[in-house]
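User: I am new to this structure and would like to learn how to read it. Please take me through it feature by feature.

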Amino acid sequence: MNKFLSRKRSTTTMRRSILITLLVSYIAVLILPVGIAVILYGKIESILVENAERSNLALLEQVKQTMDSRLKEMELLSRQIVLNPKLQWLLGNADPDDLQSQHRFVEFQNELSRYQKDNHFIYEFFIYFAGSGTIVSSAQKTDANTFFRDIVPFKEQTPEEMIQAVFPGRSIRAYLPSAPIQQGMFVKRLVTYVQSLPIDENRDVKGSFVILIDEQQIRDLHTQIELLNKGDIYILDENKQVVLSTGKDENFLSGLEPQLNLDITSNHYAYRGSDIMLSHTSSDLNGWTYISAFPLDVVMGKVNRIKALAFLLLLVCLAAGTALSCLLAYKNYRPIRAVVGDILRRKRLSGQIMSDEIELIRSTLIASFDEERQLKQTLERQAPVMMANFLTRLIKGHLDPLTISKPNLDFMGIDFVHRHFAVLLIDIDDCRVLINGDLEKEWAFVRFIIANVSCDMLPGDVYPAELDKNRVALLVNVPGVPHAQPDTADAPDSPEADSGDFDRRTLQNAAGELKRLLEQRFGMHLTVALSETCPSMEEIGRCYREALFALDYKMVHGSNHVILYERVKHLKFKYYLYPMETEVQLMNLAKSGDWAGAEKLLDQLYAMNVEAGSMTPEMGRCLFIDMLSTIFKLLHTLKMEEGVIFKDGEDPVKTISSCATVEEMHEQTKLLYQAVCTHVKAGRPDRGEKLYGMITRYIGERFQESTLSLTTLADHFELTPQHLSAVFKKHSGQTITDSITVLRMEYAKKMLADPALTLSAVAQKVGYATDVGFIRMFKKYEGITPGKYRETMEIGGKQNETPAG
């Protein structure tokens, strides 16, 4: 391996060999199951501990239930005795010297002897009468000192301490901790249950009912649990005081107290170098807590021995696995080394540093894939351009269909599945809703909308091509006879198979629907020209020329129409009507300034030539250019400057020629003739003075009307606003608007003298629709607002009315 790497070090440097990676991988594969086994062993160990905890807890629950059952029996016995009527009487009336009381004691003692002691837990039970210090049991009646000294002598408590324990002078219901008594030569431990009497009395306590429980009976329950023989049981009362225990270490619980947590049912604790499993449960009957504690070695002894054996086997497996991993790693590295050698021999990678042989292979593959992807991306980016160029040339008939192969069409995403074709040309006449700045990207968006909607609405397969900024061509592969259909009885020549008429009608209706949708949804105004259908790709160019021919009739029919080639192809050539006599008549009307007569004659010429519907677009252009030449003759005859009629730098021929329809040409021509007539009328001798007087009188009569303006005056005198304004300013030195405003302000000042009129009323009387415009104009001319002007007038009037002193 080192020899191999040194041979290639001059061209490519490897930080490390893949052999090391393979070896580490095999060892990792070896360690993985070993690690899993270790984890599983740990899991099994924890499961064994958990099972031991659950078993111990279950047995502890069994002890608790048995104890609860026994204690319920004792409480039942206690309730039967403490509720005995004779006991109730004795508690209230007992007197040792009274014969009746003594008789009642005897009767009650006899009744106590009848209670069966079926519960083996009970060693003895008795009633202590506090008033007399007497204890009554089923066997005897004696004083308390004698009872606790001779009959039930407690070794660790004096009779006085026991009397104080069973009768503390307050209401009590509790279990006292286990205590030893001397029974002959033996010692017995008893748990004392105390119930104060009467049972429902909390203050006036007169005695106690006491049951002595044999602790040995409780211990006998524990001997039935095998694990507990190696552990200890602790029973705590509701105050967490030890009632009894089986452990020999009396300080066990107190030693665990700093780390003891009774909120967890089972837990492990360290005590004097040993791991202790401690489980506990609580009784709902009396609040006692039952605790079981035993060493973990009871459960884990055999497990630890198995663990040692498993560790030894693990070391053996690791040694054998490592040797096998080295062998397999070298075996699998050999083909990788051969591949790297081939790469380095065929591709020079001078100066490159690779992490390992796989990195070299990976970088080589990535480089190859990147080159392939870049090539595909380049082709994909060029595909739309190539498709657009192809469709444009195909539609215009600049391609020979015989040279077009199916793989080329497939590459561009074109699939002509039908035999028939048609061409639609769409001119975008108005799309101001979508265009703000006349930018190319906005126009591209409009063309994109048209192309996509057309593909969805037109029958067959539609292939759009952008011919101009405002023109889109659509090549429609009409669903007629399929390409693959044999030329037999169902060939296109047969009437049954040719669905051209049906396809043509369907396409015409779809073109109309397309136009209406684009108008309604996107606010476009379009002119659509539709060719006839053709049965082969060779005739697509003819379809384009037909659609272009039909689109020329937009000039005649007007924009925003669907023009079908089949409806205009039969129109015959016809000269336009503009005889010399009519031209002379039009010139005379213009020379005399008779605009009404000239307009009437122009409308008659338009109706005769255009509205008849037989004029071609070419003849329409010639007609209006001829009418424009008449205006040039008028300008020469009347010695008028071109700037009077045409705007500075305006080419009237281009203006007329740029009109999209003959209707627009007609309107432009009428505007030119109107300007000539207006200039002629305004240029007559003393015509200006007369016109100025008429304007002045008209303004003086109507300045109070809010509709009075330069436009309404021009309409009234049938002159252009520019001409009317020029004549008025020439004679008065001010504009018509200023003259109207001055009259209104002077009249307004008179109206403001009347305090009964509001500012709104004054504004309406002087020709303003609202007081806002009136106030603004008044302040502009007078320097103060109408309200201030009225206040000034009122102050001046009061000063004039004040009598002299």
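User: Is glutamate 782 buried, exposed or partly exposed?

Analyst: Buried means under 20% relative accessible area, exposed over 50%, and partly exposed in between, using a 1.4 Å probe and protein chains only. Glutamate 782 has a relative accessible area of 29%, so it is partly exposed. This is a predicted model: local features need pLDDT of at least 70, side-chain atom pairs count only at pLDDT 80 or more, and totals for chains, interfaces and linings use all residues. Residues are numbered from 1 along each chain as its sequence is written, and side-chain values use heavy atoms, with hydrogens and water left out.

User: Which side chain meets glutamate 782 in a salt bridge?

Analyst: Side chains of opposite charge can pair when their charged atoms come close. The rule here asks for a side-chain nitrogen of Lys or Arg within 4 Å of a carboxyl oxygen of Asp or Glu. Glutamate 782 meets lysine 749, at 3.4 Å from N to O. Lysine 749 lies in helix α26 (residues 736-752) and glutamate 782 in helix α28 (residues 771-782), so the pair ties together parts 33 residues apart in sequence. Helices are DSSP runs of H or I with at least four residues, strands are runs of E with at least two, and both are numbered from the N terminus. Lysine 749 is buried, at 17% relative accessible area.

User: How many salt bridges does this rule give?

Analyst: The count comes to 22. One of them joins lysine 670 to glutamate 599, with the closest N and O atoms 3.5 Å apart. Here helix α22 (residues 662-682) holds lysine 670 and helix α18 (residues 595-609) holds glutamate 599, so parts 71 residues apart in sequence are tied together. Lysine 670 is buried at 11%, while glutamate 599 is partly exposed at 27%. Salt bridges also link Glu440, Arg447 and Glu466 in a network.

User: Now the strands. In what order do the six strands of the open sheet lie?

Analyst: Strands of a sheet pair through backbone hydrogen bonds, either parallel or antiparallel. Two strands count as paired if DSSP finds at least two bridges between them. The order is β4-β3-β2-β7-β6-β5, with antiparallel pairing. β4 (141-143) and β5 are the edge strands, each pairing on one side only.

User: How many bridges join β5 to β6?

Analyst: Nine bridges join β5 (residues 173-183) to β6. Leucine 176 has threonine 192 of β6 as its bridge partner. The two strands form a hairpin with two residues between them, and glycine 184 in the turn has a positive phi of about 65 degrees. On to the next pair: β6 and β7 (residues 207-214) share eight bridges. Strand β6 (residues 186-197) is mostly covered, with nine of its twelve residues buried.

User: At what angle do helices α5 and α6 pack?

Analyst: Axes are lines fitted to C-alpha atoms, for helices over the stretch in contact, and angles run from 0 to 180 degrees between N-to-C directions. Helix α5 (residues 144-151) and helix α6 (residues 159-166) pack at about 115 degrees, with axes 9 Å apart.

User: Which residues make that contact?

Analyst: Contact means heavy atoms within 4.5 Å. α5 supplies Ala144, Asn145, Phe148 and Arg149, and α6 supplies Pro159, Glu160, Met162, Ile163 and Val166. Helix α5 also lies across β2, β3 and β4, at about 100 degrees to β4.
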